[in-house]
Amino acid sequence: MSTEGAPEHLTQDQIDFYNENGYLVLDKVVPDEVCLKLRNEIKNIIDQDFDVEKHKTIFQTAKDRQQSTEYFLNSSGNISFFLEKDAHDEKGNLIRKQNIVNKIGHALHDKNEAFREFSFQDRFYNYAKALDPSMREPVIVQSMFIFKQPGIGGEVTPHQDSTFLYTPSPCLGLWFALEDATLENGCLWGIPKSQKRGLEKRWMRSEQDPNTLEFKTTSSCSASYDVDEAADHVNYVPLEVKKGGCVFIHGHFVHKSGKNTSDKSREIYTYHIIDNKEEYPKENWLQRPNWPTFWSDRVTA
Ligand SMILES: O=C(O)CCC(=O)C(=O)O
């Protein structure tokens, strides 16, 4: 896979910026031809495997308490399709058949060769170790291709990624722009330094029914990010990024993205890394017997 022109290592200034702000935007991480290759691969997956009748699950931001479908829970280990909410009318009937997939997840990095080859590059391992040297054995636990379809691309409400992928230390997200992500087509927004507040809540399987997921507030957070969203709003900055750029996201960094009402798509690929040496709770929604360990020969401690 071509890596021409892409930085092999992060500079100390970039690492310092991430530590201070909870995010880092890095340009020119993915060469143009690789962006195109991944986007074409996704088109092939849709052409071959997506069946509008079979894959009716809508992707919606997590509610306070919700019963999860088997389709969603099983997506941890395969390539599953989730639809845009606004591809439907109020009665839930599809109003169009093309360009309706909101995202594909959550094991592209494992189950698809092109995404596996892309995801497990040595330099991404190096970036993760540089941004979080406390990670003894970085492993990729989930991946998503997010479309933000033109006109109907859904919003992603404010959240911290470790809410959904809890381990005692924060996870790390790598978010690759395969097209320009702009104010117009729904780029990410985030609150600089918000990772310093700690993790506000966890999204957990309920004790009574492991298929029901609910938010539980943690005791370690110094401020709430969604109770007071209006006040928080002034603190958000847009994280616009050119095609080929990558946004690194600390697991406690508060971020969101708006709707895409423009006629331009905003396709991205993202994955999340945790430390395999840490305890992984059975209450997290995402469960697999083993994480793919294609980086295992890199483990140093
Ligand atoms: O791509 C987006 O719009 C949001 C993605 C996101 O928030 C995440 O991956 O944590």
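Q: What makes the radius of gyration of this predicted model agree with that of a compact globule?
A: A compact globule of 301 residues would have a radius of gyration near 19 Å, and the protein has 18 Å, so the two agree. Along the principal axes, the C-alpha atoms fill a box of roughly 50 × 45 × 40 Å.

Q: Why is the contact between Lys259 and Asp86 called a salt bridge?
A: The cut-off is 4 Å between a side-chain nitrogen of Lys or Arg and a carboxyl oxygen of Asp or Glu. Here the N to O distance is 3.1 Å, so the pair qualifies. Lys259 sits in the loop between β13 and β14, while Asp86 sits in the loop between β3 and β4, 173 residues apart.

Q: What makes Arg288 and Asp110 a salt bridge, and what does the pair tie together?
A: Their closest N and O atoms are 2.5 Å apart, which is within the 4 Å cut-off. Arg288 lies in the segment after β14 and Asp110 in helix α4, so the pair ties together parts that are 178 residues apart in sequence.

Q: How do you know whether Arg288 and Asp110 are buried or exposed?
A: Buried means under 20% relative accessible area. Arg288 has 17%, so it counts as buried, and Asp110 is buried with 11%.

How values were computed: Residues numbered from 1 in each chain as written. Predicted model: local features only at pLDDT ≥ 70, side-chain atom pairs only at ≥ 80, totals over all residues. Heavy atoms only, no water. Rg over C-alpha atoms; globule rule 2.2 N^0.38 Å. Helix = DSSP H or I, 4+ residues; strand = E, 2+ residues; numbered from the N terminus. Buried < 20%, exposed > 50% of the residue type's maximum accessible area, 1.4 Å probe, protein only.
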